[in-house]
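Please have the model open as you read.

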Amino acid sequence: MINRVLIRIKVVQLLYSYLLTQSEFKIEPPVENPSRDKKYGHELYLDLLMMVLEMSGIDVSSGRRQSPLRGVMPNSHIRGNALARSLNGLDEIRAVILRDRSGVAQFDSVIPSIYEAISSLPAYKSYARLKKPELKDDVELWISIITNLVANNPAFIAVARKNPGFTVAGFTRGINSILHTLNEYNDNRGLYNHARHALDHSLDKAYELYHSLLLLSVEITRLQDQRLDNAKHKFLPTDEDLHPNMRFVENKFVKALAENPDFEAYMDDRRLNWDSDAMLIRGLLDRIIESDIYKEYMSRPGETTLEEDADFWRQIYKTIILPGDELADALESRSIYWNDDIHVMGTFVLKTIRRFGQSSEGGADVHLLPKFKDEEDSRFGIELFEYAVKNYEKYRELIDSFVNRNRWDAERLAFMDIVIMVTALAEILNFPAIPLAVSLNEYIEIANAYSTPRSGSFINGILYSVINHLREQGKLMKA
């Protein structure tokens with residue numbers, strides 16, 4: 001069974017990969033040892049990016065100054081547009097905002113007139129008629145705004161000239177840089193669909209791992225049976241070769257598993273085997289035979305029960321198979337997902353073996369664990385991923401506001417920490433049936449395992465601050 005612990009891990013991993021590759025816009029970095037023209041050009045470029053955000057209704061000062069558009073009638077068509085949301089989600093842009101590196105405040109006197117003139121542009125009139133503007137439509141509109149209302153605007157140029165670093169070449173460079181950034185955007189829909197498919201695929205592979213781990217007991221038993229048969233037919237077999245102890249190869253649990261209808265159906269459908277890992281099977285068998293667990297099991301008097309046979313394999317999995325480096329190496333070569341999945345899937349393998357041992361019908365009544373506990377769990381991963389992507393900018397803004405408020409250094413915000421907190425907020429705010437303590441504990445554990453050594457306590461502090469803020473605003477009703 002794929003439980004929510006593993007689903008959360010998968011969503012965090014896939015969201016991390018998706019966000020690293022999904023940026024529609026590439027922000028130009030500053031040039032090393034820049035000339036005066038290049039230095040001013042990059043400063044103006046950042047100011048223009050901040051202006052786009054500000055005119056889209058996004059606070060670019062983190063409360064350090066009043067918006068120059070205060071009192072101006074908001075334009076509902078461009079407020080919170082997709083282009084601005086995408087820019088606002090970029091680490092480079094968030095760093096400029098958090099460190100107050102932008103000089104956009106120098107243009108406060110001209111921003112309102114530019115903003116009000118937007119509605120007169122032919123490009124805006126076409127844009128306003130669209131029922132659902134797409135990102136490409138936003139790009140076309142903002143290129144028109146920069147070209148027609150900024151680049152040749154005498155009032156804007158006059159303000160720009162007041163900057164001691166101003167140069168004509170630098171001004172032109174800054175305008176060209178923002179137009180280049182806008183023109184070079186990448187449509188993200190394909191990446192999003194790919195990420196969703198990858199999430200489905202990784203969960204499917206986790207369930208395959210569950211069956212593959214169970215199959216190891218069958219394959220190892222089969223190899224020992226072949227060895228015993230070969231020994232019987234060698235040139236001068238010993239009495240022990242001719243009359244071997246068959247307890248291991250006739251283990252009742254392995255026989256019941258191999259004949260289990262659920263197991264047989266999955267094997268037939270997927271054609272799973274360990275044929276390409278023959279060395280792994282041989283090595284595991286040798287380690288089992290050398291173990292005290294095997295020796296004690298084989299020396300027991302009388303016939304063993306199904307419960308004893310199942311318990312033997314539980315001990316073998318717990319002490320030899322699952323913790324072994326050989327298995328980890330084999331899994332890494334088979335699937336990029338499996339080394340992250342083995343702990344959870346190994347737990348369910350042990351649970352399954354126990355169920356066979358507790359069977360009153362020789363294992364015939366045992367069903368293997370389903371892929372998901374129920375329909376709600378089957379939808380949980382995709383819905384969590386969708387909520388996290390859809391609300392990324394909003395949740396990121398909440399997180400950043402409390403990094404500032406508590407005077408934490410923005411450099412401590414490792415990208416994995418951001419992804420974990422965004423996913424946690426997506427769960428806390430959109431899955432009312434999941435207790436708040438469960439969500440917090442799960443994501444703190446993920447942070448401890450997958451991010452920096454201090455991430456767990458850091459994330460705990462930020463999330464509690466965000467949760468208390470949301471409660472005060474009546475946006476979170478969980479106890």
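## A buried tyrosine and its surroundings

Tyr443 has 0% relative accessibility, so the residue counts as buried (under 20% relative accessible area, with exposed meaning over 50% and partly exposed in between, for a 1.4 Å probe and protein chains only). This is a predicted model, in which local features need pLDDT of at least 70 and side-chain atom pairs count only at pLDDT 80 or more, while totals for chains, interfaces and linings use all residues. Residues are numbered from 1 along each chain as its sequence is written, and side-chain values use heavy atoms, with hydrogens and water left out.

You will find Tyr443 in helix H22; helices here are DSSP runs of H or I with at least four residues, numbered from the N terminus. Setting aside neighbours within four places in sequence, Tyr443 is in contact with Arg8, Val12, Leu384, Ile420, Thr423, Ala424 and Glu427, where contact means heavy atoms within 4.5 Å. From Tyr443 to Asp417 the C-alpha to C-alpha distance is 9.8 Å, across 26 residues of sequence.

How do H21 and H22 pack? Helix H21 (residues 415–430) meets helix H22 (residues 436–450) at an angle of about 165°, with the axes 10 Å apart. The axes are lines fitted to C-alpha atoms over the stretch in contact, and angles run from 0 to 180 degrees between N-to-C directions. That makes H21 roughly antiparallel to H22 (over 145 degrees). On the H21 side the contact includes Met416 and Ile428, and on the H22 side Leu436 and Tyr450 are among the residues taking part. By type, the contact residues divide into 10 nonpolar, 2 polar and 1 charged.

## An aromatic cluster

Now for the rings: the whole structure holds 19 aromatic pairs. Rings of Phe, Tyr and Trp (its six-membered ring) pair if their centres lie within 6.5 Å; planes under 30 degrees apart count as stacked, over 60 as edge-to-face and the rest as tilted. Here are two of them.

| Pair | Centre distance | Plane angle | Type |
|---|---|---|---|
| Phe248 and Tyr294 | 5.6 Å | 65° | edge-to-face |
| Phe312 and Trp313 | 5.7 Å | 75° | edge-to-face |

Phe248 sits in the loop between helix H11 (239–242) and helix H12 (252–258), and Tyr294 in helix H15 (residues 292–298), so their pair ties together parts that are 46 residues apart in sequence. Phe248 is buried at 1% relative accessibility, and Tyr294 is buried at 11%. Phe312 is buried at 2%, as is Trp313 at 0%. Ring pairs link Phe248, Tyr294, Tyr297, Phe312, Trp313 and Tyr317 into a cluster.

Terms used. Helices (H or I, at least four residues) and strands (E, at least two) are DSSP runs, numbered from the N terminus. Angles under 35 degrees count as roughly parallel, over 145 as roughly antiparallel, 65 to 115 as roughly perpendicular and the rest as oblique. Ala, Val, Leu, Ile, Met, Phe, Trp, Tyr, Cys and Pro count as nonpolar, Asp, Glu, Lys and Arg as charged, and the others, Gly among them, as polar.
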